[in-house]
Amino acid sequence: MKNENLIQYIYGIADNALILGQRLSELCGHGPSLETDIAMTNIALDLLGQTRSYFQYVAQLSGDNKTEDDIAFLRTERQYKNVLLVEQPNTHFGYVITRQFLFDVFHFLLLQELQNSKDEMLAAIAKKAIKEVSYHQRFSSDWIKRLGDGTEESHQKVQEAVNDLWKYTDELFHMTGDDVKTEELGIGINVALLKERYYQKVSEVLEEASLTIPEMKWFQKGGKQGIHSEHMGYILSDLQYMQRTYPNMKW
Amino acid sequence: MKNWPLWEVFVRSKNGLEHRHFGSLHAADAEMALENARDVYTRRNEGVSIWVVESKHIKASNPENSGELFEPAQDKVYRHPTFYTLPDEVKHM
């Protein structure tokens, strides 16, 4: 395995946190209530904090004076390896919560395994992050239950969100070439093996929320290969604007 | 969400200290009130324990009665333990 495989592997994990964090940040000041607004922003900050840990590590691995900012802000769209799920837009609160829930369950399972990675840095980041993600999962699961089991309108909206977002869940369990190479060395996680536990947990919560998983034979994919949906360009133009306009700008 | 009841939040900042009133917030039920309180009041490491209680359960004194409730205490300085000479050995008083 080359360093490049490890770096690409880390992008596959960190870009999910970065893009979802960016998506949630867009909601800052727009939450349906003060309390949920702060909660979502809090989750965004957790995710961006995790992203920083991963990118600082990537900067160290890649050498040549790269910084975490270069990695976060100066890659092109195809170089981001996040799944399509996390780039989906903020349409309404139920949709945001569903997107969050479908990701949180996966994120928690992934970090649980990553804590045992032979790469000490990744294991340490996972150990720290899993406490945060455990809370994210609790928060989004609670809201799924409240909305699913709430009013007729909230039930309908969140069921539609599940129907719409479900096609992005299969991609979470696809193995990329870098996944395979890092997994062989005990560094990466075999995400395909998480699928069963994921469906079990998700069905449990959805059932309690009186929601159903849609029947689906065809799933979307591509994010892990850097082939993104139309939304990604807009996210990146927001995310990269400052650093592209004022190169090397620092806080 | 407009119909959510109001909750009072009490946070203990460190073990050994008492819970103190931090503020109030809206939530649909006690569970949500705890989670909201965690996010609103303890995200900068302010606490180790949270209590929430629905505001309607608090019986408050009426400001109109403050004359009879509190004023009689104003001219009774002898109720403060300041008329004793403290021996030097006694510290932290």
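Helices (H or I, at least four residues) and strands (E, at least two) are taken as DSSP runs and numbered from the N terminus. The model is predicted, so that local features need pLDDT of at least 70 and side-chain atom pairs count only at pLDDT 80 or more, while totals for chains, interfaces and linings use all residues. Residues are numbered from 1 along each chain as its sequence is written, and chains are lettered from A and ligands numbered from 1 in the order in which they are written.

Chain A contains 10 helices and 0 strands. Its C-alpha trace spans about 55 × 40 × 30 Å along the principal axes. The radius of gyration of chain A, 18 Å, agrees with the value near 18 Å for a compact globule of 251 residues; this radius is taken over C-alpha atoms, and the globule rule is 2.2 Å times the number of residues to the power 0.38. Of the 251 residues in chain A, 41% are buried, where buried denotes 20 or more other C-beta atoms within 10 Å of a residue's own, exposed 12 or fewer, and partly exposed in between, with C-beta atoms placed from the backbone.

In chain B, helix H1 (residues 30-41) has 12 residues and reaches 16 Å from its first C-alpha to its last. Its buried residues are B:Met32, B:Ala33, B:Glu35, B:Asn36, B:Ala37 and B:Asp39. These pack against helices H2 (34-62) and H6 (120-148) of chain A, together with strands S1 (6-12), S2 (19-26) and S3 (49-54) of chain B. Contact requires C-beta atoms, placed from the backbone, within 7 Å. The contact takes 7 residues from chain A and 9 residues from chain B. On the side of chain A that touches chain B, H2(A) gives the most, with 4 residues.

A:Leu185 lies in the loop between helix H8 (177-184) and helix H9 (195-208) of chain A. A:Leu185 counts as partly exposed because it has 13 C-beta neighbours inside 10 Å. Its C-alpha atom is separated by 9.3 Å from that of A:Ser117, 68 residues apart along the chain.

Note on methods. Expected span 1.5 Å × (residues − 1). Contact = placed C-beta atoms within 7 Å.
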